[in-house]
Amino acid sequence: MTLDVQNLRVTPFGADSAVLDGVTFSLKQGEKALLLGPSGAGKSTLMLAISGVLQQLETADVAGTLVAASSGLLLQNATDSAICDTVYRDVAFGAESAGVARLSIAGLVEAALDAVGLGELDKGRNPQTLSGGELQRMCLAGLLALKPRLLLLDEPTSYLDDESAAEVRDAVSEYLRMSGATALIAEHIFEAWLPLVDKIFVLDASGRLVAAGDTDEVLKRSGRQLADWGMWVAGGDPLHSLVTTAETGGHITALVGRSGSGKTTWLNQYLRSSLETAPVGGVGWLPQNPANTLTGNTVLESLTATALALGEDPKLTQQGGQEWLRRMGLEGMRNRNPHELSGGETRRLALASAFMHKPGLVYLDEPTVGLDTLSWKNVVDAILEAKHSGARIYLATHDAQLLKLADEVITLEPKSAPIAQATKPQLFSPLAMFAASALTLAGALAFRSVSAAALALFAEAILMALAMWLVPSLRRFGLLWPMAFGVASVGFSNWWLSDAHSVEAAALVAIRVAFFGLPGLLLAAAASPSELGDQLGQKLRIPARPVVAAMVGLNRVHRLRGNWASLAFVRKVRLVAKKGLAEYWSLILFSLIEATRSAESTAIAMESRGFSAKDATGKPVPRTWAIEATWGKLDLLLLAAAAGCVALGLFGL
């Protein structure tokens, strides 16, 4: 028996009721099943419990009996499932966790990427530069490289165009055929998966298993119920009941194309151009990450923020906001914190926020992805209503039903894949960079002479300029301004707060901060998290799991800068950006909220790929490393230069 679930009950800590209640079913080795049910039925929770992630993270009370073979879980949100800073390392992560030998990992990664249609992708690319569909396929490749006996797929094709989705189904089918593995697949639009599966399990809205059996038997018995719940049952027509009104000049332009063809880039470029000419509040936007649109302390506050910023009547705005929440199926959540919503709920709230202030231009990035038929109808009704009111709407989508309503369709062709170039060895290894930074920190604390310290700083600045010329990744000029501000602030505060108001003492403190801060800031910003982890684990023999956790955390820190810029731009479009320091602190707050949410999702993604894997005796599986750690060409020279600058500060000429 590959999977045996008996009387499973899952209650999140702090919740009043269970998400899953008394679920019992089993799958034999090699059997494949679909997991169906309405939004909120607990399908994702069931997947997390089967994979063991819930038990590892200890976020819920899990009761009952659950026996499962070694599994790999593909999460619904691919954006937060990317773990490492290159495609190669991300796909290899599960194999490393399973202790696969380095020489075998390269072949596994190549085969897995080929299987999902990403064989031509540059494996050195940062996953955050991929499209949503490419990310989804990359994460699936990471599971196939792990070679699990039980494949758990949560909405594996929700972000994909038809051709890419077919490639994924073919890859899954071929893997199951070759490996004999078992599979449990959750999908809203499930018809295309039917030829692949043997069974169907159905959960109702309260998390109870209400139907289980052979595919034809369950569909015949429960098909009507599935349709009523909003499942995309074969033969259904979601277009027949849409709102229709007289048109008054609106227009819908749809962008289509394979994953990675640049739909989001096109949409965002036109959005930025429109902001220069459109009237204030004349643009609505649903970004690729809807969570960036959230603001305020409640769902209703987040929804009405733009309308209130435009000076609309507060009472009428509140009433209109409540009506929009009703239309989007969110009426019972108006007083909840918006950051507590699920992914689908967040997308519907963000779409309502884009339309509520009646903009003349609207840009929507995948507005219907992952929706059941009931939510789909509500969203599409809102789009058509805006069009009939005269709005010009641009949307990126691969939804065939939505395309039928477009007045114009623009097809974007994927750009030809760049020819892969051999990765050039780094001149300085991350470990040497951090060692040099630590050396300057220790030396700066011992500086006593202003003249000697200034000389050391001057020499260091020359050497840093030379290093930046040799290593392009060090050219983070934008970091110099906050560094200069910090140095000036430290110097001034030391002068102002000291009893003697000594300029010399204040200058010495400022030079100390600049001396260790300059290399520390630039070198840390340029360091590759994966390469640093390789060196800490392989060269210094630090235990692998804390090293990997730190490596993934550092990669997340590197992502904060991009998320900060995206968040700031969304707030500008929504007219909720504040002035001066108030906006700065708002960005810090919302960035921290996003970072916390993202960290939780990353922890789940790591566990779903075997991060805490144990062998038959219960001991952690010895982790391997996909890439051998190497030293940079000039590491010793870098350390010698740092030591020389420290010596100048200590002893002068």
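**Close-up 1. Arg89, Glu96, Asp534 and Arg623 join in a network of salt bridges.** A salt bridge here is a side-chain nitrogen of Lys or Arg within 4 Å of a carboxyl oxygen of Asp or Glu. The model is a predicted one: local features need pLDDT of at least 70, side-chain atom pairs count only at pLDDT 80 or more, and totals for chains, interfaces and linings use all residues. Residues are numbered from 1 along each chain as its sequence is written, and side-chain values use heavy atoms, with hydrogens and water left out. The structure holds 20 salt bridges. Arg623, one of the network residues, also lies over the face of Phe93, at 4.5 Å from the ring centre. A charge sits over a ring if NZ of Lys or CZ of Arg is within 6 Å of the ring centre and within 35 degrees of the ring normal.

**Close-up 2. Asp21 and Arg9 meet through their side chains in a salt bridge.** The N to O distance is 2.8 Å. Asp21 belongs to strand E2 (residues 20–27) and Arg9 to strand E1 (residues 3–12). The two are 12 residues apart, and the pair links distant parts of the chain. Helices (H or I, at least four residues) and strands (E, at least two) are DSSP runs, numbered from the N terminus. Asp21 is partly exposed at 23% relative accessibility. Arg9 is partly exposed as well, at 36%. Buried means under 20% relative accessible area, exposed over 50%, and partly exposed in between (1.4 Å probe, protein chains only).

**Close-up 3. Arg137 forms a salt bridge with Glu167.** Their closest N and O atoms are 3.2 Å apart. Arg137 lies in helix H5 (residues 132–146) and Glu167 in helix H6 (residues 162–179), so the pair ties together parts 30 residues apart in sequence. Arg137 is buried, with a relative accessible area of 3%. Glu167 is partly exposed, at 24%.

**Close-up 4. Arg327 forms a salt bridge with Glu385.** The closest N and O atoms are 3.1 Å apart. Arg327 is in helix H10 (residues 314–327), and Glu385 is in helix H12 (residues 373–388). This pair links distant parts of the chain, 58 residues apart. Arg327 counts as buried, at 18% relative accessible area. Glu385 is partly exposed, at 36%.

**Close-up 5. Phe492 and Trp495 form a tilted aromatic pair.** The structure has 14 aromatic pairs. Rings of Phe, Tyr and Trp (its six-membered ring) pair if their centres lie within 6.5 Å; planes under 30 degrees apart count as stacked, over 60 as edge-to-face and the rest as tilted. For Phe492 and Trp495 the spacing is 5.9 Å centre to centre, with 45° between the planes. Both residues sit in helix H16 (residues 480–497), three residues apart, so about one helical turn separates them. Trp495 is partly exposed, at 28% relative accessibility.

**Close-up 6. Trp266, Tyr270, Tyr363 and Tyr394 form one aromatic cluster.** A charge over a ring is found at Arg272 and Phe569. The charged end of Arg272 sits 3.8 Å from the centre of the Phe569 ring.

**Close-up 7. Leu463, Leu466, Trp469 and Leu470 make a nonpolar surface patch.** Its area is about 410 Å². Patches are made of residues with over 30% relative accessible area and no salt bridge: like charges are joined within 9 Å, nonpolar side chains (Val, Leu, Ile, Met, Phe, Trp, Tyr) within 5 Å. Accessible areas come from the Shrake-Rupley method with a 1.4 Å probe; for residues, only the protein chains shown count as cover. Leu470 is found in helix H15 (residues 450–470). Leu470 is partly exposed, at 37%.

**Close-up 8. Cys139 is in no disulfide.** A search of the whole structure finds zero disulfides (pairs of cysteine sulfur atoms within 2.5 Å). For Cys139, the nearest cysteine sulfur is that of Cys84, 11 Å away. Cys139 is buried, at 4% relative accessible area.

**Close-up 9. Lys147 and Glu366 have positive phi values.** Phi of Lys147 is near 55°. Lys147 lies in the loop between H5 and strand E6 (150–154), and is exposed at 52%. Glu366 has a phi of about 50° although it is not a glycine. Glu366 is placed in the loop between strand E12 (361–365) and H12, and counts as buried at 12%.
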